[in-house]
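Please open the model in a viewer and follow the stops below in order. Each stop names a selection and then describes what is found there.

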Amino acid sequence: MPVLHNRISNEELKARMLAETEHRKTVSFYKYFNIADTQKFRDELYIKFYELKVFGRIYIAQEGINGQISVPDSNFEAFRDALYAADDALNGIRMNIAVDDDGKSFWVLRMKVRPKIVADGIDDPTFDPSKMGTHLKAKEFNELADNPDTIIVDMRNHYEYEVGHFQNAIEVPSDTFRDQLPMAVEMLKDQKDKNIIMYCTGGIRCEKASAYMLHNGFTNIFQLEGGIIEYARKAKEQELPLKFIGKNFVFDERLGERITDDIIAQCHVCGKPCDTHTNCKNDGCHLLFIQCESCAAELQGCCSIVCNEEKNLSAEEQRERRAGRENGMMIFNKSKDHPLRKHRDQWKQERFANIKIHQPNS
Ligand SMILES: [Zn+2]
Ligand SMILES: [Zn+2]
């Protein structure tokens, strides 16, 4: 019976990965194409990738495949051949190989069948995601970005935009991609004569977003091929001027890949220039937020004094406090209130009462 799912504990797997001596490449890829039997496709690919010590997460849906993985350098070619061979549509699929990376982002292979590779909320049967906008390579992007009749649209979330984005790019201020689609149409409805360039982290969201704009009567729709990841790689390789400033947020251990030295965000606690994302170390919070080193030291990695106190309670006391409170992974967002925000703001007021310092305008 071949191995089809992981059965080893997370700690053990992480320890094994850290004990590896061989360097790993961090690779992301996606492709929209029709997969008839998703479970069969998934299982066959899992067996091959498991043998090649591929770690990471791969989503498979009827509409295609989307993966962020790491692979030992010596297995890279075998991995690529296996992926190319999995379907005709995947032969020659573009892969983004992360720059500035130690390859230690993943320690287990998770492969899941899902309804969609990117949830879009679109149930219009006349929508054809294969009719997408014109792809732009890094050089073409730079040229079109310099055109005064161009609008650059960031299709990522606020916390991603916050630490790094293209110069002059506008945000589509919603929490979810499915809400961003109709919002982008509404925001840009009077700009149909302009060139609209859409971009996201790796390009996968904009394949759909650009198709959706065309579906809604826009004509000059462009998208950055391979997203920020590919742009950064190509721009550096070809020594093009970098129009992206700051950090490219990625959802792995590193929580971001630095593109330029510019720090465009602030610590959410003290307001000092900072673009390091972290999760609050209080297990009852886990808020994803930006925190500088000195605030991290002072609060033991917690988002607030309230969380810091809670973290230092006994396990039993922590459980009691958490009972009945809404939990789960939270992400700092300007449009949403953190449940502990009131306490945090109060603490900030007290803390800064006697010090004249730049206050964050969060
Ligand atoms: Zn700080
Ligand atoms: Zn917290």
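**First stop: ligand 1**

Select the zinc ion (ligand 1), which in this predicted model is coordinated by the SG atoms of Cys 267, Cys 270, Cys 292 and Cys 295, at 2.3 to 2.4 Å. The angles among the four donor atoms run from 103 to 115°, and the site is tetrahedral. Along the chain, the donors of this zinc ion (ligand 1) follow the spacing C-x2-C-x21-C-x2-C.

Next, highlight Cys 267 and Cys 292, a pair that links distant parts of the chain, 25 residues apart. Cys 267 is in the loop between strand 13 (257-258) and strand 14 (277-279), while Cys 292 is in the loop between strand 15 (288-290) and helix 9 (293-298). Cys 267 and Cys 292 are both buried.

**Second stop: ligand 2**

Move to the zinc ion (ligand 2). Which residues coordinate the zinc ion (ligand 2)? Its donors are the SG atoms of Cys 280, Cys 285, Cys 303 and Cys 307, at 2.3 to 2.4 Å. The arrangement around the zinc ion (ligand 2) is tetrahedral because its four donor atoms subtend angles of 105 to 115°. The spacing of these donors along the chain is C-x4-C-x17-C-x3-C.

Within this site, select Cys 285 and Cys 307, which link distant parts of the chain and are 22 residues apart. Cys 285 belongs to the loop between strand 14 and strand 15, and Cys 307 to helix 10 (residues 305-311). Cys 285 has a relative accessible area of 0% and is therefore buried. Cys 307 likewise counts as buried, because its relative accessibility is 0%.

Keep Cys 280 on display; with a relative accessible area of 1%, Cys 280 is buried. How many disulfides are counted here? The count comes to zero.

Turn to the aromatic side chains, among which a search of the whole structure finds twelve pairs. Begin with Phe 141 and Phe 166, which form a tilted pair, 4.4 Å centre to centre with 40° between the planes. This pair links distant parts of the chain: Phe 141 is in helix 4 (residues 138-145) and Phe 166 in strand 8 (residues 164-166), 25 residues apart.

From Phe 166, proceed to Tyr 231: the two form an edge-to-face pair, 4.8 Å centre to centre with 80° between the planes. Here too distant parts of the chain are linked, since Phe 166 lies in strand 8 and Tyr 231 in helix 8 (residues 227-237), 65 residues apart. Tyr 231 is buried, as is Phe 166.

**Last stop: lysines over rings**

Finally, select Lys 25 and Phe 76. Lys 25 lies over the face of Phe 76, at 5.7 Å from the ring centre. Then select Lys 192 with Phe 218, where the lysine lies over the face of the ring, at 4.9 Å from its centre.

Note on methods:
Residues numbered from 1 in each chain as written. Chains lettered and ligands numbered in written order. Predicted model: local features only at pLDDT ≥ 70, side-chain atom pairs only at ≥ 80, totals over all residues. Heavy atoms only, no water. Donors = N, O, S within 2.8 Å, 3.2 Å for Na, K, Ca; no water. Tetrahedral: all angles 85-135°; square planar, octahedral: opposite > 155°, others 65-115°. Helix = DSSP H or I, 4+ residues; strand = E, 2+ residues; numbered from the N terminus. Buried < 20%, exposed > 50% of the residue type's maximum accessible area, 1.4 Å probe, protein only. Phe/Tyr/Trp six-rings, centres within 6.5 Å; stacked < 30°, edge-to-face > 60°. Lys NZ or Arg CZ within 6 Å of the ring centre and 35° of its normal. Disulfide = S-S within 2.5 Å.
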